[in-house]
Amino acid sequence: MPDVRVAINGFGTIGKRVARAVQAQPDMVVSGVTKTGPSHGCSLAERLGLPLYCTSDDKSDIASFEAGGYRVNGGLSDLLSKSDIVVDCAPGKLGASNHEKYQQAGIKHIFQGGEKHNLTGMSYTSCSNHSENLGASGTRVVSCNTTGLARTLVPLRELVGELKVECTMIRRAADPGDSGRGPVNAIKPVLKVPSHHGPDLMTVADGIQITSLAVAVPTTIMHVHSISVTLPEEHGLDTNTVLELWGNTPRVIAMSGKEDKIPSTAEVMEMARDIGRPWGDLHEIFVWTDGVSVDGNTLRYFQAIHQESDVVPENIDAIRALLSLETDWRASVRLTDQSIKDSLV
Ligand SMILES: NC(=O)c1ccc[n+]([C@@H]2O[C@H](COP(=O)([O-])OP(=O)(O)OC[C@H]3O[C@@H](n4cnc5c(N)ncnc54)[C@H](OP(=O)(O)O)[C@@H]3O)[C@@H](O)[C@H]2O)c1
């Protein structure tokens with residue numbers, strides 16, 4: 001079967017990472033990536049050998065790339081006509097106008113967590129609803145926070161049944177490459193209570209009743225979730241069995257703050273840099289083993305999310321789901337993760 005041709009519409013924080021992850025896969029190629037106009041990110045596309053297109057079809061917008069010294073292959077319509085599927089990595093809330101373009105082009109499409117579930121009526125997380133997304137025309141890979149919640153809560157729900165969850169999200173203020181956001185010297189609660197973050201999990205997973213509070217803090221590395229789960233009365237779990245479960249869960253890393261000398265997100269990201277993925281990314285959700293406790297029917301734990309990268313391998317699995325390339329989510333996850341690993345050596 002020929003490689004699937006994947007268009008990446010938007011080549012920023014998420015788009016460039018998804019493009020590299022696609023390049024690493026044995027069953028896919030990047031048909032092209034888009035930028036709004038000439039900027040330093042175009043050089044990265046050239047260096048990675050990725051055909052560059054303009055986000056619009058406007059002739060003067062397209063011509064601006066050549067004027068800026070970059071070779072451009074056309075506008076979005078040209079790219080879509082040479083592709084089997086498009087991964088939309090545009091800034092959040094631009095989805096609706098792009099959605100119309102994808103529908104007109106008759107191409108399958110994947111949005112990101114900055115869009116709402118009802119844009120396509122489908123959402124995606126590898127571990128919870130791969131099979132529901134098989135053959136769908138469009139979906140949304142849920143946000144970095146929702147992806148993180150699914151990774152640790154879905155296997156628990158599968159083991160013991162329905163869960164009731166309270167989560168406080170301590171969120172990074174801005175991405176490292178984003179100078180336009182804050183707070184810089186404040187801790188800023190989200191004053192819409194409960195926040196929308198936790199309940200978004202219910203778009204991909206049944207049997208988890210969740211509410212959340214959120215607060216932004218002045219850091220650019222990682223979100224931390226402080227989670228309290230009410231387990232069913234007859235759950236049969238203790239702290240060790242929960243850790244064992246997550247030890248066998250794909251894309252979850254559990255390590256000790258004390259023994260492994262990883263007491264904070266700073267050391268988590270240093271460990272991620274040691275793994276050697278591009279940009280020092282950490283695709284896995286990080287759980288501190290010494291921060292996990294089962295007390296009666298309450299499980300409490302902390303987890304950390306690398307906001308720029310945990311959704312990246314999920315986008316690859318979502319491509320396989322929409323194009324019905326792999327029906328078994330675990331098989332897709334294995335192929336995605338091994339291919340990314342092999343591409344690093
Ligand atoms: N950053 C995160 O931590 C994170 C985590 C999970 C999910 N997400 C979600 O992922 C999506 C992308 O976020 P991001 O952080 O990657 O944004 P970003 O860094 O601002 O990148 C957005 C990219 O989209 C391009 N673009 C602008 N207008 C466009 C349009 N009309 N159509 C297509 N592309 C357009 C931009 O082009 P130029 O470069 O030419 O300006 C830029 O390359 C959002 O839905 C966001 O909520 C972000």
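I began at the ligand and found a polar side-chain atom of Thr13 at 2.9 Å from a ligand oxygen atom, a polar contact being a pair of N or O atoms within 3.5 Å. The model is a predicted one, in which local features need pLDDT of at least 70 and side-chain atom pairs count only at pLDDT 80 or more, while totals for chains, interfaces and linings use all residues. Residues are numbered from 1 along each chain as its sequence is written, and side-chain values use heavy atoms, without hydrogens and water.

I next looked up Lys35, where a polar side-chain atom lies 2.6 Å from an oxygen atom of the ligand. For Gly114, I noted a polar backbone atom 3.1 Å from a ligand oxygen atom. The protein covers 78% of the 910 Å² of accessible area that the ligand has on its own (Shrake-Rupley method, 1.4 Å probe).

I then asked where the ligand lies relative to domain 1 and domain 2. Domain 1 (4–142 + 311–342) and domain 2 (144–305) both give residues to the shell, so the ligand lies between them; the bounds come from an automatic or database domain assignment.

I turned to strand 14 (residues 298–305), in which six of eight residues are buried, meaning under 20% relative accessible area with a 1.4 Å probe and protein chains only. Strands here are DSSP runs (E, at least two residues), numbered from the N terminus.

I recorded eight bridges between strand 14 and strand 10 (residues 223–230), which pair antiparallel; pairing requires at least two DSSP bridges. Ser228 stands opposite Arg300 of strand 14, and Arg300 is also the bridge partner of Ser293.

Technical notes: Polar contact = N/O pair within 3.5 Å; in protein donor to acceptor, adjacent residues only side chain to side chain. Buried < 20%, exposed > 50% of the residue type's maximum accessible area, 1.4 Å probe, protein only. Helix = DSSP H or I, 4+ residues; strand = E, 2+ residues; numbered from the N terminus.
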